[in-house]
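Hi,

Here is the structure we talked about. Please open it and follow along with the notes below.

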Amino acid sequence: MTPEPILINWKRNLFVTWIGCFLTGAAFSLVMPFLPLYVELLGVSSPEKLNLWSGAVFSITFLFSAIASPIWGGLADRKGRKVMLLRSALGMAIVMMLMGLAQNVWQFLILRALLGLLGGFVPNANALIATQVPRNKSGWALGTLSTGAVSGPLIGGLLADLYGLRLVFFITALVLFICFITTVLFVQERFTPVQKKDMLSGRQVLASLKNPRLVLSLFVTTLIIQVATGSIAPILTLYVRELAGHSQNLAFISGMIAAVPGMAALLSAPRLGKLGDRVGPERILISMMALSVLLLIPMSFVQSPWQLGILRFLLGATDGALLPAVQTLLIYNSSSQVAGRIFSYNQSFRDVGNVSGPLLGAFISASYGFRAVFFVTALVVMVNVVYSWWSLQRSAARIRLPND
């Protein structure tokens with residue numbers, strides 16, 4: 001096989017999986033800005049209960065995803081990543097359609113749990129690309145892939161204002177089905193199935209790593225990144241409502257403010273990923289986390305939605321580089337043989353953070369108010385800066401990039 005077809009193959013797969021990540025990411029984020037409003041529609045009216053239910057329905061998806069991710073990761077290493085992409089897209093499409101038919105908050109909660117069980121498109125897309133892309137371009141490729149879901153909240157809020165909350169779930173199901181068809185037709189993978197008896201055990205996976213302590217510390221870093229991101233998610237719409245008053249376009253305004261970090265990441269992530277390929281992803285990771293601390297604190301003092309939107313745009317520019325930097329470090333410390341499971345383990349830690357973050361945000365907001373959430377989140381990120389710097393220094397983790 002000549003080098004040129006391989007090059008064309010990974011670039012094409014990057015483009016197609018970017019579209020898939022855009023569609024699945026948009027499908028998830030379409031409904032995120034107005035989850036509290038949908039919970040309210042399903043009969044939860046008390047402000048205290050609304051905060052807690054919003055945190056629960058947001059978190060339960062990631063709780064069940066954390067449980068299921070290692071299972072799907074093992075199957076990906078045995079059966080191939082494309083099969084897992086197809087399974088995820090079709091399963092989520094069916095569940096999302098059922099969400100639009102939910103009649104009470106308990107049905108919605110169960111369906112959100114099922115969505116987590118059937119998810120996994122994005123980590124499998126990352127594993128697919130990570131095992132195909134030349135390593136000296138991995139930061140740029142994963143940074144590009146991470147920019148998939150940038151317009152979901154904005155479009156979701158607009159559709160909710162125009163047509164109502166339930167219709168958005170049906171549109172989202174259609175989007176996911178389109179993702180399924182796109183993956184069937186265009187994603188290419190040359191994969192030889194592996195017999196279960198030939199699979200490495202969990203202990204052998206760790207033993208195969210170049211630096212298992214560093215990899216474990218990167219998992220923890222991923223968890224803390226998501227705690228910081230998720231702590232704001234369940235209270236964002238309610239905070240915007242407090243800032244904006246009784247606006248007629250609350251879902252759209254909330255969707256726009258939820259979307260601006262993704263828009264900033266669309267601009268920054270590939271560039272910072274490319275810079276990380278040159279100077280080292282660990283430097284990008286530490287510096288961008290430190291900068292995000294300086295952006296989180298002023299969010300507790302804003303007086304209008306547009307001030308919050310500006311700060312969230314700047315925060316998105318920094319946060320967009322964090323997970324791609326972690327994933328690039330994982331690539332350089334693992335082999336393609338175990339890539340599916342390494343990325344699925346990382347996804348599990350990410351999901352645990354997605355569970356913990358909203359629950360933390362809901363608890364802090366219910367006890368001390370919305371503004372206190374940003375102070376606590378800034379403290380969490382600062383802890384992550386110190387921990388990540390320490391673990392990278394301890395592991396002598398400076399990455400030496402290959403020339404080919």
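Helix H17 covers residues 339-368, 30 residues in total. At 1.5 Å a residue, counted over one less than the number of residues, H17 should span 44 Å. Its end C-alpha atoms are 42 Å apart, which agrees. Helices here are DSSP runs (H or I, at least four residues), numbered from the N terminus. Just after H17, Gly369 takes a positive phi of about 100°.

A word on the source: this is a predicted model, where local features need pLDDT of at least 70, side-chain atom pairs count only at pLDDT 80 or more, and totals for chains, interfaces and linings use all residues. Residues are numbered from 1 along each chain as its sequence is written, and side-chain values use heavy atoms, with hydrogens and water left out.

Next, the partner of H17. Helix H11 (residues 212-230) packs against H17 at an angle of about 35°, with the axes 7 Å apart. Axes are lines fitted to C-alpha atoms over the stretch in contact, and angles run from 0 to 180 degrees between N-to-C directions. Contact means heavy atoms within 4.5 Å. Among the residues that meet are Leu218, Phe219 and Leu223 in H11, and Ile342, Tyr345 and Phe349 in H17.

Now the loop between helix H14 (281-296) and helix H15 (305-319). Ser304 lies there. Ser304 is buried, with a relative accessible area of 14%; buried means under 20% (1.4 Å probe, protein chains only).

Finally, the largest nonpolar core has 101 residues. Such a core is a set of buried Ala, Val, Leu, Ile, Met, Phe, Trp, Tyr and Cys residues joined through side-chain atoms within 4.5 Å. Phe108, Leu285 and Leu308 touch the most other members.

Best wishes

How values were computed: Buried < 20%, exposed > 50% of the residue type's maximum accessible area, 1.4 Å probe, protein only. Helix = DSSP H or I, 4+ residues; strand = E, 2+ residues; numbered from the N terminus.
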